[in-house]
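I opened this notebook to keep track of what I looked up, entry by entry, for someone meeting the structure for the first time. The entries follow the order in which I went through the questions.

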Amino acid sequence: MSSSSAPAGLTAARELRQRGRSVLILEARDRLGGRTWVDNRLGLDLEMGGTWIHWAQPHVWAEITRYGIEIAQSPVAEHAYWHAGGTTRQGSAEELFGLLNPGMVAMLADTRQYFDRPYEPFLTPELETLDQHTVLDRIATLNLPPEQDELVRGMWTLNFNGPPEVSGLTQALRWCSAASGSWQLLFEVCAAYKFKHGTRSLINAIAADGDADIRLKSLVTKVIQSPGGCLSVRTDAGEQYNATDVIVTLPLNALSTIEFEPGLSPLKQQAADTGQASRGVKTWIRFRGQVEPCYLFGGPDLPLTFAQTEYTVDGDTVFVAFGPEAARLQPDDVDGVAKALAVWRPDLVVVDATGHNWVADPLSRETWPMLRPGQLEQLRDLQQPDGHLHIAGSGFGTGWAGFMDGAIESGLRTARRIVTQS
């Protein structure tokens, strides 16, 4: 039994069904996919949550190959506007990346020393000490010129979708290791290639292949595990289901919305109580008229730290943008979004803005999952079952945690464990 139709739950369900297991998926929402959600907004089908994928991500690329799914490239920007030191400059994208390069290279120089094998992050003997540091701690040791320092802090604010002072250094190093030690490749992985027909093309393919019993609008409220190992799952409608194994795929920040009896292991509960680092906003903005592809980039103190061109529709241009604090800017606040973007381009006219506040969503309470300092050691425990209760999801992946790849990896691992333990 899986408690969600997010990518990890659907992947695990498919694997178990193909091994002859009976699988029931209880999904609280009225749709499949969790934080992978395509909705029609601004005259287009837009990704409200997860978007980008890359062939450097082995698990999601295997699924793309399996189902013959087409990909598309985001527009390549040759121009950039960046804000640092209270002023905005413009130039080529190459010039912006040139400013970022010294600090990014210096910050990530020892990536392969600590995480030579990104899918085995617990091997390094210095892990406990290293995991206590934030991204901001590392940047502070670099003594960068003020403009470069601000831009590098802005880059990691973007990557974590949250403030660098709560962002775990080991999470940054693990991502870079998965990108073969290259921050440029990491940037490409994060924002260059996407599904031609949206993430739902993969979600629907996995769901159809798994052929599990899926019940929407079924909010799980309690999971009881008996001393003998049998589990009982209860919903807010008073329904009760029995299972030999239960996979919970709620994000870490929403894990405490389910009552577990007995409770989760101490490290799992500590991680759930603390929550992970991301707390930002993703917004889609429609500008009047044609706007040449460009990057808008700034430091961590701005309400929006990054935006890039994505689509054109009926003569207008649609950008996607990110900021570190959902509490500071709502994704559909047209005036607020316009004011934030005016830092770079006061000449642009915002027609509309939209998005989904994942931090306020009770079933998510976070955007893409990124670990805080000290949580990599907790991840080791989060990946292990409590009896026959399993936790899976993008945030519990070992390599590309935070992406669909991490969710699929976690789903595969969980399904394999259930099969081998039986």
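Before the first entry I set down one term: a polar contact is a pair of N or O atoms within 3.5 Å, and within protein one of them must be able to donate a hydrogen and the other to accept it. I also noted at the start that this is a predicted model.

**Entry on R345.** I looked up R345 and found it in the loop between α12, residues 334-341, and β18, residues 350-354. Its side chain makes a polar contact with the side chain of Y81, at 3.3 Å. When I left aside the neighbours within four places in sequence, the residues in contact with R345 were Y81, V291, C294 and L296. Is R345 buried or exposed? Its relative accessibility is 11%, and since buried means under 20%, R345 counts as buried.

For C190, which is in no disulfide, I wrote down that the nearest cysteine sulfur belongs to C176 and is 10 Å away, whereas a disulfide needs the two sulfur atoms within 2.5 Å. I checked accessibility as well: C190 counts as buried at 16% relative accessibility, while C230 is exposed, with a relative accessible area of 52%.

**Entry on helices α2 and α14.** I turned next to a pair of helices, α2 with residues 58-67 and α14 with residues 404-421, whose axes come within 7 Å and cross at roughly 85°. Because angles of 65 to 115 degrees count as roughly perpendicular, α2 is roughly perpendicular to α14. Which residues of the two helices meet? On the α2 side they are P58, H59, V60 and E63, and on the α14 side they are M404, D405, I408, E409 and L412. Sorted by class, this contact of α2 with α14 has five nonpolar residues, one polar residue and three charged residues.

**Entry on H390.** I located H390 in strand β19, residues 389-391, and its relative accessible area of 0% makes it buried. Apart from its neighbours within four places in sequence, H390 is in contact with D245, V246, I247, V248 and P385, and also with T414, R417, I418 and Q421. A polar atom of the H390 side chain lies 3.5 Å from the backbone oxygen of H388. I also looked up S256, which is 134 residues from H390 along the chain, and the C-alpha atoms of the two are separated by 15 Å.

**Entry on Q383.** Where does Q383 sit? I found Q383 in the loop between α13, residues 375-382, and β19. With a relative accessible area of 9%, Q383 is buried.

**Entry on F260.** My last entry is on F260, which lies in strand β13, residues 259-261, and is buried, its relative accessible area being 11%. F260 and D45, 215 residues apart in sequence, are 38 Å apart in space from C-alpha to C-alpha.

Key
Residues numbered from 1 in each chain as written. Predicted model: local features only at pLDDT ≥ 70, side-chain atom pairs only at ≥ 80, totals over all residues. Heavy atoms only, no water. Axes fitted to C-alpha atoms, helices over the stretch in contact; angles between N-to-C directions. Helix = DSSP H or I, 4+ residues; strand = E, 2+ residues; numbered from the N terminus. Parallel < 35°, antiparallel > 145°, perpendicular 65-115°, else oblique. Contact = heavy atoms within 4.5 Å. Nonpolar A, V, L, I, M, F, W, Y, C, P; charged D, E, K, R; others polar. Buried < 20%, exposed > 50% of the residue type's maximum accessible area, 1.4 Å probe, protein only.
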